[in-house]
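I opened a notebook page for this model. The entries below follow the order of my look-ups.

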Amino acid sequence: FVFTDIQNSTHLWESYGPMADALDIHNERMRALIRQHGGYEVKTIGDSFFIVFLDCTAAARFAVQMQLEMMAAPWPESLLQLPDCLEVPCEDGIGYLWRGLRVRVGIHFGKARVEINQDTLRADYLGTTINYAARVESKAQGGQVLISEEVRCRLDSEFLVETVVGYAGTYLFKGIDQHQQLFSICPPSLAGRVFPRESAELLCNRCKGPA
């Protein structure tokens, strides 16, 4: 289960006139990738997507490629002048580390209850697993993909070889007693992204984490 959201989108809607055009570009790229990776768009809420994939690796591939697609999107030049959308080149001067809308992603695996909306005939997914996935997304920052331990242990070896996986911290989620370990995934070209974090729910962000 995948949740996505655009960083500081409320501020962008209030301060950037052509935000509707930028959102169209975002949505077009997102939906093309959902189709490419065999996902199902459950619903959108504003600029946020709720998506289901057949397996964890397909979800992770979607999320990693989406970060690259957002960098390559034909954003209006006026958008690229905004603090949350600036072009930031890589240290080696080849390509960009940041460019355009910054989308955060959370991915979790588990069982959920399926309901069919009788008006739209589309499936919706409910339950604790869905709430957990949304909380994982809420801990990510724009341009970051966070996954749960349940997802990490189900990623195939080929994906792990071609992707940078890092320990992102141990959290306490509201309503969940056990400590939750989260991990970040990104393509090698974006491994230089830094995500400073200050959160009362973060127990440890500097410990080694699991081997």
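**Cysteines.** Which cysteine sulfur is closest to the sulfur of Cys56, and how far away is it? I found it in Cys153, at 7.4 Å, which is too far for a bond. My cut-off for a disulfide is a pair of cysteine sulfur atoms within 2.5 Å. Cys90 is in no disulfide either; its nearest cysteine sulfur belongs to Cys186 and is 11 Å away. The search of the whole structure gave 0 disulfides.

I then checked accessibility. Buried means under 20% relative accessible area, exposed over 50%, and partly exposed in between, with a 1.4 Å probe and protein chains only. Cys56 is buried at 7%. Cys90 is buried at 14%.

**Ground rules.** This is a predicted model, where local features need pLDDT of at least 70, side-chain atom pairs count only at pLDDT 80 or more, and totals for chains, interfaces and linings use all residues. Residues are numbered from 1 along each chain as its sequence is written, and side-chain values use heavy atoms, leaving out hydrogens and water.

**Core.** I looked up the largest nonpolar core next. The term covers buried Ala, Val, Leu, Ile, Met, Phe, Trp, Tyr and Cys residues joined through side-chain atoms within 4.5 Å. This core has 41 residues, and Phe62, Trp75, Leu101 and Ile107 touch the most other members. Elements giving two or more residues to the core include strand E1 (2-6), helix H2 (19-36), helix H3 (56-72) and strand E6 (103-107). H3 gives the most, with 9 residues. Helices (H or I, at least four residues) and strands (E, at least two) are DSSP runs, numbered from the N terminus.

Contact means heavy atoms within 4.5 Å. Beyond four places in sequence, the contacts of Leu101 include Ile6, Leu12, Met19, His26, Met70, Trp75 and Cys85.

Two strands pair if DSSP finds at least two bridges between them. Strand E2 (residues 40-45) and E3 run antiparallel, joined by 5 bridges. Ile45 has Ser48 in E3 as its bridge partner. This hairpin has 2 residues between the strands, and Gly46 takes a positive phi near 65°.

Ile116 is bridged to Ala123 in E8. The E7 and E8 hairpin has 6 residues between its strands, and Leu121 in the turn has a positive phi of about 60°.

**Aromatic rings.** Rings of Phe, Tyr and Trp (its six-membered ring) pair if their centres lie within 6.5 Å; planes under 30 degrees apart count as stacked, over 60 as edge-to-face and the rest as tilted. I got 8 aromatic pairs from a search of the whole structure. Tyr167 and Phe183 are edge-to-face, at 5.8 Å centre to centre with 65° between the planes. Tyr167 is in strand E10 and Phe183 in strand E11, 16 residues apart. Phe183 is buried at 3%.

The Tyr171 and Phe173 rings have centres 6.2 Å apart and planes at 40°, so that pair is tilted. Tyr171 is buried at 0%. Phe173 is buried at 3%. I also noted one aromatic cluster, formed by Phe1, Phe3, Phe50 and Tyr125.

**Charges over rings.** I required NZ of Lys or CZ of Arg within 6 Å of the ring centre and within 35 degrees of the ring normal. Arg152 has its charged end over the ring of Phe183, 4.4 Å from the centre. Arg193 has its charged end over the ring of Trp98, 4.1 Å from the centre.

**Ser148.** Where does Ser148 lie? I found it in strand E9. Ser148 is buried at 0%. Leaving out residues up to four places away in sequence, Ser148 touches Ile107, His108, Phe109, Tyr132, Gln181, Leu182 and Phe183.

**Ile176.** Is Ile176 buried or exposed? At 19% relative accessibility, I count Ile176 as buried. Ile176 lies in the loop between strand E10 (164-171) and strand E11 (180-186). Not counting residues up to four places away in sequence, Ile176 touches Tyr132 and Arg135. The C-alpha atoms of Ile176 and Tyr132 are separated by 8.9 Å, and the two residues are 44 apart along the chain.
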